[in-house]
Amino acid sequence: MRVTGFGVIDKKDSNLIYIGSGCIKTSEGALPDRLKLILNSLDKIITEYQPKYVAIEQVFVNINPKSTLLLGQARGAAICAAVKRNLNVAEYTALQIKQAVVGNGHARKNQVQEMVMRLLNLIDNPSTDAADALACAICHAHTGLSLGNIQLTGYRMKRGRLV
């Protein structure tokens, strides 16, 4: 079973408001079928929540190249779901996301969950995948939206600067 988390928040002034989150779970079936499920599920989520922005975590290269490739393909399906609806996509590294949410770019998963819960005033911890997605949304709310109308697509942040 593979899991893709999603999280939707709103920002009113300096307040973050939890809207929804969850996970898209795919079986061990054929890759095209799993990607189609991610694409169609995110399309439904976009229809339901009507977000103005989409933020996605950048892929990092890990020890297993096959896993990295599969993660990249899942990200591609997520990006396609967003651009199909003419939404701009901002991308952040795991380090940037953890820094924005926890204040430590090397924070552990449980620390991210705890801070997401606190920042969004949630009663319970979200699952790790949903917490990661909400953390990415929080990062964009703190970082990307503060950049005003600067186009973020095609750029990345490096040491706090757009490059």
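Colleague: What makes Asp13 count as exposed or buried?

Modeller: This is a predicted model, and in it Asp13 has a relative accessible area of 73%. Exposed means over 50%, so Asp13 is exposed. Asp13 is found in the loop between E1 and E2.

Colleague: What is the phi of Asp13?

Modeller: Phi of Asp13 is near 55 degrees, which is positive although the residue is not glycine. Most residues other than glycine have a negative phi.

Colleague: Which loop holds Asn121, and what is its phi?

Modeller: Asn121 sits in the loop between H4 and H5, and its phi is near 55 degrees, again a positive value in a residue other than glycine. Its relative accessibility is 65%. The cut-off for exposed is over 50%, so Asn121 counts as exposed.

Colleague: Why is Leu69 called exposed?

Modeller: Leu69 has 56% relative accessibility. Exposed begins over 50%, so Leu69 qualifies as exposed. Leu69 belongs to helix H2.

Colleague: What span is expected of helix H1, and what does H1 reach?

Modeller: H1 covers residues 31–49, which is 19 residues. The expected span is 1.5 Å times one less than the number of residues, which comes to 27 Å for H1. From first C-alpha to last, H1 reaches 27 Å, close to that expectation. Just after H1, Gln50 takes a positive phi of about 50 degrees.

Colleague: Which residues of H1 are buried, and what do they pack against?

Modeller: Arg34, Ile38, Ser41, Leu42, Asp43, Ile45 and Ile46 are buried in H1. The buried residues of H1 pack against strand E1, strand E2 and helix H2.

Colleague: How do the side chains of strand E3 point?

Modeller: In E3, residues 54–57, the side chains alternate.

Colleague: What makes E3 and E4 a pair?

Modeller: Pairing requires at least two bridges, and E3 and E4 are joined by 4, so they pair. The strands run parallel. The bridge partner of Val54 in E4 is Val89.

Colleague: Which residues touch the most other members of the largest nonpolar core?

Modeller: That core has 19 residues, and Ile9, Val116, Leu120 and Ile138 touch the most other members. E4, H3, H4 and H5 each supply at least two of its residues, and H5 gives the most, with 7. Leaving out residues up to four places away in sequence, Val116 touches Val101, Leu122, Pro126, Ala131, Leu134, Ala135 and Ile138. Another core, of 15 residues, lies apart from it and includes Phe6, Leu42, Ala74 and Ala77.

How values were computed:
Residues numbered from 1 in each chain as written. Predicted model: local features only at pLDDT ≥ 70, side-chain atom pairs only at ≥ 80, totals over all residues. Heavy atoms only, no water. Buried < 20%, exposed > 50% of the residue type's maximum accessible area, 1.4 Å probe, protein only. Contact = heavy atoms within 4.5 Å. Core = buried A, V, L, I, M, F, W, Y, C linked by side-chain atoms within 4.5 Å.
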